[in-house]
Each structure stands twice: as structure tokens, then as C-alpha cells.
Amino acid sequence: MAKQSAGLLVYRIKDNEPELFLVHPGGPFWAKKDEGAWSIPKGEFGEEEEALPAAKREFREETGFSIEGDFQRLTPVRQAGGKIVHAWAVEGDADASAIHSNTFSMEWPPKSGKQQQFPEVDRAGWFKFPEAGKKILKGQAPLLEELEKIIESS
């Protein structure tokens, strides 16, 4: 069975225009990547956990913020590696400059035998739809398209 992730696509309306909250993955592999590297805050969950509570937990772990509101389930997407991403859109706000992410450990530099800690998320930002479409991982782009239609129809 494919691995599954759950996440939140947080948006706000600023000056009558939607902005989307995206995060950039931490660690050395992503350090110099920008376009096509950003994501919604998300993470894996197991069979014993429901997806929406997992999405809220992952948002808190990756940003340090909790979000509450009217969560709208979006159509799950399959990323290039096969992982299925379950996402919910929710209107909210967070200070992108004040995120605090949990960390992970990995051997770095490779084959050095040294373990280093890296943040799961090294930065966050608010983006309007056109820029968000360039920043987000290709496999998550349909989430933005679906949210744009939801906002336009409301």
C-alpha cells in the first residue's frame, strides 16, 4: 500500500486577494532548491490515525502553530514517488517569519559517520496563486487549483 500523508492548505484573504501558506523543506538536499520544492505543511500518518487529526498535528509540528476553522476536504493527490496526500483547505493566519519546526537527524556529509540535526521545514511564506503554482511541488499543484475554484465559487 502507498504511503499516505495528511496536510493543511491554509489560506487568507489579504487586500481582497487570496494568499496561500507554503513551507520549504529543510535539510541539505533542498537547501538550494526553490521553484517546485515548496509544499503544504504535511506528514505521514499510519493506519491507526485519522487523516484530519494527523494533518493538524503535522501543521503544528512543522510550523509551531495550531489552526482551527472550517476544514474543507480536498481531493487526494498522488505525488511522483507514489505517496498519497490527503489535504484540507482552511482559512487562517500564521506568522511565516516565526515558524518553529521539529527536526530530523541524518548522516551528513554522506559516508562521514556524523549525524546532524536539520529542521523539517526551514522557512515558510505566503504566496498568491500564480507564485504558489511555481513554488509548490508538481504533485501538489492540483490542491491549489481545487482551492482556487472553491474560493472563486464562494
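**Helices, pocket and loops of the predicted model**

In helix α1, the residues A51, A54, A55, R57, E58, F59, E62 and T63 are buried. The structure described here is a predicted model, and all values given below were computed from it. Helix α1 comprises 13 residues, 51-63, and reaches 18 Å from its first C-alpha to its last, which is close to the 18 Å expected at 1.5 Å a residue. The strands against which the buried residues of α1 pack are β1 (4-14), β2 (17-25), β3 (42-44), β6 (84-91) and β9 (121-127). After the helix comes G64, whose phi is positive, near 85°.

Helix α3, residues 141-153, also has its length set against expectation: its 13 residues should span 18 Å at 1.5 Å a residue, and the end C-alpha atoms are 19 Å apart, which agrees. Within α3, the residues A141, L143, L144, L147 and I151 are buried. Seen down the axis of α3, these buried residues fall within an arc of 150°, so they line one face of the helix. In an α-helix there are 3.6 residues a turn, so residues three or four places apart point the same way. On the other side of α3, by contrast, K149, E152 and S153 are exposed. The packing partners of the buried residues of α3 are the strands β1, β2, β5 (77-78) and β6, together with helix α2 (129-135).

The largest pocket has a volume of about 410 Å³, and the elements that give two or more residues to its lining are β2, β3 and α1. The lining is made up of 19 residues, of which P25, K42, E62, K83 and E120 lie nearest the centre of the pocket. Sorted by class, the lining holds eight nonpolar, five polar and six charged residues. Of the residues nearest the centre, which include E62, E62 is also listed among the buried residues of α1. K42 and K83, likewise among the residues nearest the pocket centre, are both in contact with S5.

S5 itself lies in strand β1. At 0% relative accessibility, where buried means under 20%, S5 counts as buried. When its neighbours within four places in sequence are left aside, S5 is in contact with K42, G43, E44 and F45, and also with K83, I84, V85 and H86.

G92 is placed in the loop between β6 and β7 (103-107), and, with residues up to four places away in sequence not counted, G92 touches V10, Y11, R12 and W126. Although G92 and G69 are 23 residues apart in sequence, their C-alpha atoms are 7.3 Å apart in space.

The loop between β7 and β8 (115-119) contains P109, which is joined to W108 by a cis peptide bond with omega at about -5°. K111 lies in the loop between β7 and β8 as well, and has a phi near 60°, a positive value in a residue other than glycine. With a relative accessibility of 81%, K111 counts as exposed. A positive phi, near 65°, is likewise found at N16, again a residue other than glycine. N16 is located in the loop between β1 and β2 and, at 79% relative accessibility, counts as exposed.

Notes: Residues are numbered from 1 along each chain as its sequence is written. This is a predicted model: local features need pLDDT of at least 70, side-chain atom pairs count only at pLDDT 80 or more; totals for chains, interfaces and linings use all residues. Side-chain values use heavy atoms; hydrogens and water are left out. Helices (H or I, at least four residues) and strands (E, at least two) are DSSP runs, numbered from the N terminus. The expected span of a helix is 1.5 Å times one less than its number of residues. Buried means under 20% relative accessible area, exposed over 50%, partly exposed in between (1.4 Å probe, protein chains only). Contact means heavy atoms within 4.5 Å. On a 1 Å grid over the protein atoms alone, a cavity is a set of points where a 1.4 Å probe fits but cannot get out, and a pocket is an open set with protein on both sides within 12 Å along at least five of seven lines; lining residues have an atom within 4 Å of a point. Grid points are joined across faces, edges and corners, and a volume is the space filled by probe spheres set on the points. Ala, Val, Leu, Ile, Met, Phe, Trp, Tyr, Cys and Pro count as nonpolar, Asp, Glu, Lys and Arg as charged, and the others, Gly among them, as polar. The arc is that of the directions from the helix axis to the C-beta atoms.
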